[in-house]
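Colleague: Please take a close look at one part of this model and tell me what surrounds it. Then go on to the rest in one connected account, with the cut-offs stated.

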Amino acid sequence: MKLPYIIIVDDDVQVLRAIQRDIRNQYREEYRVAATESANEALDVIKELKLKNESVALFISDQRMPEMEGVAFLEKAKEIFPDAKLVLLTAYSDIEAAIRAINNVKLDYYLLKPWSPPEEKLFPVVNDLLNEWHAIYKPDHEGIRIIGFQWSPKSHELKEFLSGNLVPFRWLDAENNEEAEQYITSANVSKSDLPLVVFKDGTTKANPSLAEVANAVGLKQKATEKMYDVVIIGAGPSGLAASVYGSTEGLKTLLIERHNPGGQASSSARIENYLGFPSGLSGAELTHRAITQTIRFGTEILTPQEVKSIRLQDVYKIIELADGTEIHSKTIVIATGIAYRKLEIQGLENFTGAGVYYGAAAIEAHACRNEIIYMVGGGNSACQAAMYMCKFAKEVNILIRKDALKQTAASYLVEQITKTPNIHILPNTEVTAVQGGRVLEKITLKNTKTGAEKILPAKALFIYIGSAPCTSWLDNLLLKDEKGFIITGRELVKDKSFHTHWKMEREPFMSETSIPGIFASGDVRFGALAGISSAVGEGAMAIRFVRKYLQEM
Ligand SMILES: Cc1cc2nc3c(=O)[nH]c(=O)nc-3n(C[C@H](O)[C@H](O)[C@H](O)COP(=O)(O)OP(=O)(O)OC[C@H]3O[C@@H](n4cnc5c(N)ncnc54)[C@H](O)[C@@H]3O)c2cc1C
């Protein structure tokens, strides 16, 4: 455990040395003692300590100092370490100032100079104060801290990225958490610079990019090998499964993810249909297990890194990343899945991440405590999210265009929802407008049968209205269906243009695309059964064909 600090400030070097010596001799086993002649320097040190997650138990400051009076110094120090005990060193003539300070700054004690013998005049007082401090002291979270506004899209993005990459962090809401102010002061930033990220070593970054955060927390963004056996694009369940199988089979495997690993599944509050987990598990837990497993087998993961295109050079594949770097591989598995369709309402994009969310129920759950919230969509995802959010929100309203939920969702979910008193289904309803300032405040609902509209207060709107495959970045490199799903295996042979694309003697393997050595797996593949189990199965299967292809090379 890190020892807490006692900080002493006195511009008179002799007095400083004397008190530092006495305090150090007595307390050095349990405290670190720092002493300085300058109040300004002490304030800089205090800010640094705050950012480094250190604790200060006691400040001792002389009253008469040229840079600022001791009372003013203690007042500033208390803003950063509010629980620390404050002792003012005074000459007899300053007693009045000290007594005033007891009320104004909540000074804990004033100590008259000289304090000898310390066994009688100094240590008993300091012992009491340190005991009091210990009684209320709680060690701070060791890891990263994010200070920001609850409803800011950038804060949301950072939280989602860190949790998705299994990086623990502590969130401090700048509006409701007193400690947030201490970090803002310590980092010398203003509220307009938020979100502020304070890393373990005390360094800070205001409004950082995901790449900057990824670098600082040690997530890899540069590939180490010159040539990979297989590069897997997308770290959803399918890509993660492919990476586990690739690595266990001894292939040089690289997994690239543009956001955080886990894909759609990571936003699932409860997966109840995954083999081997009879009481279900959350998407975050499944992702956690999969990442731990794949890293253990030696997969390299790059995140956040987006693949922009694929180029071919003979039988080799060149993968171009958004940051301009290139990666070479013998084979590729595309597991980029599908992305949520956006709800087309004017001005809605202004609130994305600030009250409007696409599939982010789990991460925003606590912010919705005791609030009235809305879910758009009547599919399984919306129902699962509603079941999760009803434990936090006062009221969850599911807006569906159809007459009944049973037309669009699995029956076990419909049954759970019907039995939950704070979930309401609003049939034949759509959102037609949104309003708010910095964050979403109101939504307009329209009854599609009667045309009647009403405006209601809404803290959050979660949207689950279907999706499209993430394949636009591939342009026309591969054969896709009219919706953009990648065609593979036998389905390719049925395509009119198959022979223009395919020049090999053998037929494409089951998950192979129209380019030999490039495979597709999971939701992005035409004809795939959407769902976690099939995505995982397809990821594993793709590796089997990767091996076969490598044997032919
Ligand atoms: C809220 C919710 C709840 C669900 N619950 C269940 C459930 O309980 N049971 C179930 O069986 N299924 C469930 N599903 C469906 C299931 O999650 C998906 O079928 C599954 O995640 C598909 O896996 P995938 O790996 O094919 O694709 P995805 O999960 O979509 O992952 C694709 C990944 O590729 C990344 N990517 C995309 N483009 C690029 C690029 N150019 N460069 C780099 N990376 C890229 C994406 O960021 C993403 O992480 C749920 C889905 C949602 C949204």
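Modeller: The side chains of serine 521 and serine 238 are joined by a polar contact of 2.8 Å. A polar contact here is a pair of N or O atoms within 3.5 Å; within protein, one must be able to donate a hydrogen and the other to accept it, and residues adjacent in sequence count only if both atoms are side-chain atoms. The model is predicted, so local features need pLDDT of at least 70 and side-chain atom pairs count only at pLDDT 80 or more, while totals for chains, interfaces and linings use all residues. Residues are numbered from 1 along each chain as its sequence is written, and side-chain values use heavy atoms, with hydrogens and water left out.

Serine 521 sits in the loop between strand E26 (518–520) and helix H17 (532–552); helices (H or I, at least four residues) and strands (E, at least two) are DSSP runs, numbered from the N terminus. Its relative accessibility is 1%, so serine 521 counts as buried (under 20% relative accessible area; exposed is over 50%, partly exposed in between, with a 1.4 Å probe and protein chains only). Beyond its neighbours within four places in sequence, serine 521 is in contact with Ser238, Val333, Ile334, Ala335, Glu538, Gly539 and Ala542, where contact means heavy atoms within 4.5 Å.

Now the sheets. An open sheet of five strands is ordered E2-E1-E3-E4-E5 with parallel pairing; two strands pair if DSSP finds at least two bridges between them. Strand E2 (32–36) and strand E5 (109–112) are the edges, each pairing on one side only. From one strand to the next the twist averages 20°. Strand E4 (residues 85–90) runs parallel to E5 and is joined to it by four bridges, and valine 87 stands opposite tyrosine 109 in E5.

Two helices lie across this sheet. Helix H2 (residues 39–51) lies across strand E1 (5–9), E2 and strand E3 (56–62), at about 165° to E1. Helix H6 (residues 123–136) lies across E1, E3, E4 and E5, at about 140° to E3. Axes are lines fitted to C-alpha atoms, for helices over the stretch in contact, and angles run from 0 to 180 degrees between N-to-C directions.

Another open sheet has three strands in the order E21-E22-E23, paired antiparallel. Its edge strands, E21 (429–436) and E23 (453–457), each pair on one side only. Five bridges join strand E22 (residues 440–447) to E23, and lysine 442 stands opposite proline 457 in E23.
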